[in-house]
Amino acid sequence: MRDLAYKYLRTLLPSLRLFLSIASIMAPGEKPSPTAPSAPPTQGIGLSNPTLSQSSRQMLDLVNRLHSTGVQVDIDLPQIAVIGSQSAGKSSLIESISGITLPRAAGTCTRCPTEVRLSHTTEPWKCIVSIRIDDNGKVRTEKFGDTITRKADVEERIKRAQWAILNPTLRTAHGVRHFLTGDDHGVNLELSFSSCFVSLQISGPDVADLSFCDLPGLIAGVGMTGNRSDIDLVKGLVATYIKRPSCIILLTVACETDFQNQGAQEMAKQYDPEGKRTVGVLTKPDRIPTGEEPNWISILRNEKEPLENGWYCVKQPSSSQINAGMTWDDARKSEQEFFDSAAAWSELDSIYKKYLRTGNLVERLSSILSDLIAKRLPEIQDEIEKTIIATRDAIQNLPKPPSSDPRNEIAGLLHDFTRDLARHVEGVPEDGLLQAVRPAQEKFRRDIRITAPDFQPFEKRHAKRKKLEKPTFLLSEEGHEDFLHITDDDDGDMISKDEDNSFRSKASLTPDVIPNPDSIYIDEVMQRANDARTRELPGSYPFVVQETFIKGIVTKWHVPAHFLCRAVFYTLGEHVRKLINVHFGAFGQGQLAQRVKVLLQDHLNKCMERAETSVDWLLKLEDQPFSLNTHYLMDYKEKFLRHYRSAREKDRNPILMTAIEEYTPTPSSAVHHPRGSLQPSPTGIAKVLSSLVEMGIFGVKPEALAMLIEPDGMEPALIIMADVRAYFQVAYKRFTDNIPRAIDHELIRGVERNVLIALNTGLGINSDNGDRICKELSQENASIANRREELTKKLERMQSASQQLLQIGF
């Protein structure tokens, strides 16, 4: 389809090369304006020439309709932009080409862009003036006055439109209509220049189909009442137009001023460095100082400041001639007479004379513009379709617009939120709530684990040279990694595999042991037991001794338990706030999300109070030692008693204990002795065990031989130590399960219980004022609403432009 369209455009090129940018706007039968030359009724000017083919008009009308949709904001459309320094003759040139009279008297030059959209119709001539203004960052287009049907009224309306644009404070205070009727326009302007622009929509039977823009003249210096920022402002205005690839730069240079002192050509070079889009126009050739004609002739010949489209020279009527009522026909005759009589121009080679006179400029502009239209239309179609898709996607990605039934919509959002909250409370894979609280739970378990009493079966006087090593039987319960990370608060220094692969329990007698300040020595335990005796029989000790040790341990559990509760509370709160943002963040102006956060925080605080109450209750339960887990308790007591006793007995009788540890029994079935040979006699531990067998005592283990050592009076302390240490092992496992479970029940699962009731009640959506509350909460965020409106208008412009293209087969 694109190839066919391109071929179609190529067939139009011969005709398109006949036109220019702008048409005469004089309505049939209207008398000439006293300030604008009139053309003979049988002749057309530029693009209004009646000899133009219908296909050419169709193409020009298409570009004009595309401009009418406003799509030039998003797509680069072909356009003529007239630039030049102040008083370079821009306005005169535009009038000469189109017949439109612009304000150009001294002090009333173009102070804001004037965009003109010309449309050829069979209806009587008319002009609609609008202004595009920026009020506090909000850009809007407003019609400026009634439709004009008299061409003579256009200049005055443009002056007043500029007055309205250049006085934003007065416009805000009195409105636009004030500038249509006031008599002080042009006096005490608030702004020197503005980026807001005047828009003219002109249509009529002798009007062309095109758009062009007259830009403010570049300022060489700041006047007495000017502002230094005006120079940069005007340059910025000009740059916004001429930087577009589809903009034809009509560069006007006045011959009465030195070429290098006119800054317009520098801007043209900046944005069109190769000179492909620029058409140079030399104005006011009759004012060239004597002797300087060769300098300007060399420019016309494209020898200096060359441009791909060359330089042209035109002569327009003076202000006095225009005021005298010179017609367009007389103006062209006067121009012809000047170039025929002036020596510098009349003596030019014929090849260069085609660059003289307005008519030749018109034809060249027509040719350039037609080529540009033919080249750009297929590209414009692509850009429009891609932009439509991108804009639709952008609108789709915005939050849903406010519902017509906000009450039901909010109720739906609340239900979706509570379901999602319940799902996270139950557990979701990867980066869920339960995964987030697990590190705090593990830290809690380790913090409780290191409160295990560090009993030492040695007297305190040996603290610097004796240290009990860890019980190896805990390895199977705690796990190897956890076992190796037990600190000195436990039952001794850590044993690594590199130090002892067998993890044997033995007393370290090295003289450089660093005592643990929390260690409890056997003589201290014995002293406390003796101090606790009251009416007990000799050799008996009250349970209060074990109870005192246990309560001292439980006291250390308060801080880790409450720390876990707070850690889960903060983690849960952060997770809930994220869910609130997901479900309510884009709804309304954020009021609903904020209200839900406040209500959920209050709900969380109540859950936290219940969780802390449960934690305190469990801590109180642990103050009183209790366990029905008799089997595990007695098993631990036996293991710890053997562990403590073995270490102490080895210290008292190292020879016997070393022999017991090093004894390795040899099964009798594994050794073969020949008949009649003498069997070696057993020695050491083997001999003792063999003797016990001969005496009829069977099943005695080597470790039992340690009982033959005479007690030293510390046996009660060893039993108390084993009682407390065994009870800790049972209680710590129970406690490290119960506290996280209580927090999970009251806090994590608690936040999901009755949360919908709390939200409905707190928001008041089920109250008598529910409709009003929901309507207020559903107000869309201002930035999102503005973005939606902006994208919607952009989509409308694009779709309208796409429909215009379809009318000629694109």
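**Salt bridges, burial and cores in a predicted model**

Modeller: In this predicted model, a salt bridge joins the side chains of Glu-715 and Arg-645, with 2.1 Å from N to O. The pair connects distant parts of the chain, since Glu-715 belongs to helix α26 (residues 715-752) and Arg-645 to helix α23 (residues 630-652), 70 residues apart.

Colleague: Why is the contact of Glu-715 and Arg-645 called a salt bridge?

Modeller: The rule asks for a side-chain nitrogen of Lys or Arg within 4 Å of a carboxyl oxygen of Asp or Glu. The N to O value for Glu-715 and Arg-645 is 2.1 Å, so the pair meets the rule.

Colleague: Why are Glu-715 and Arg-645 described as partly exposed?

Modeller: Buried requires under 20% relative accessible area and exposed requires over 50%. Glu-715 has 26% and Arg-645 has 23%, so both are placed in between, as partly exposed.

Colleague: What links Arg-287 and Glu-256?

Modeller: Their side chains form a salt bridge, at 3.5 Å from N to O. Arg-287 is in the loop between β8 (278-283) and α9 (293-300), while Glu-256 is in the loop between β7 (247-254) and α8 (264-271), 31 residues apart. Arg-287 has 45% relative accessibility and Glu-256 has 34%, so each is partly exposed. By the same rule, the count for the model is 35 salt bridges.

Colleague: How do you know that Cys-196 is in no disulfide?

Modeller: A disulfide needs two cysteine sulfur atoms within 2.5 Å. The structure holds zero disulfides. The nearest cysteine sulfur to Cys-196, that of Cys-112, is 8.1 Å away, so Cys-196 is in no disulfide.

Colleague: Why do Cys-196 and Cys-607 count as buried?

Modeller: Cys-196 has 12% relative accessibility and Cys-607 has 0%; both values are under 20%, so both residues are buried.

Colleague: Which residues touch the most other members of the largest nonpolar core?

Modeller: In that core of 81 residues, they are Phe-417, Trp-557, Phe-584, Leu-592, Leu-600, Ile-739 and Leu-747. Helix α26 supplies the largest share of this core, 19 residues. Beyond its neighbours within four places in sequence, Phe-417 is in contact with residues including Val-576, Leu-579, Phe-584, Leu-600 and Leu-759. A second, separate core has 57 residues, among them Trp-125, Trp-163, Ile-248 and Ile-388.

Colleague: Why is His-575 called buried, and which residues does it contact?

Modeller: The relative accessibility of His-575 is 14%, which is under 20%, so the residue is buried. His-575 is found in helix α21 (residues 558-584). Apart from neighbours within four places in sequence, His-575 is in contact with His-424, Asp-431, Gly-432 and Leu-433.

Definitions and conventions
Residues numbered from 1 in each chain as written. Predicted model: local features only at pLDDT ≥ 70, side-chain atom pairs only at ≥ 80, totals over all residues. Heavy atoms only, no water. Helix = DSSP H or I, 4+ residues; strand = E, 2+ residues; numbered from the N terminus. Buried < 20%, exposed > 50% of the residue type's maximum accessible area, 1.4 Å probe, protein only. Contact = heavy atoms within 4.5 Å. Core = buried A, V, L, I, M, F, W, Y, C linked by side-chain atoms within 4.5 Å.
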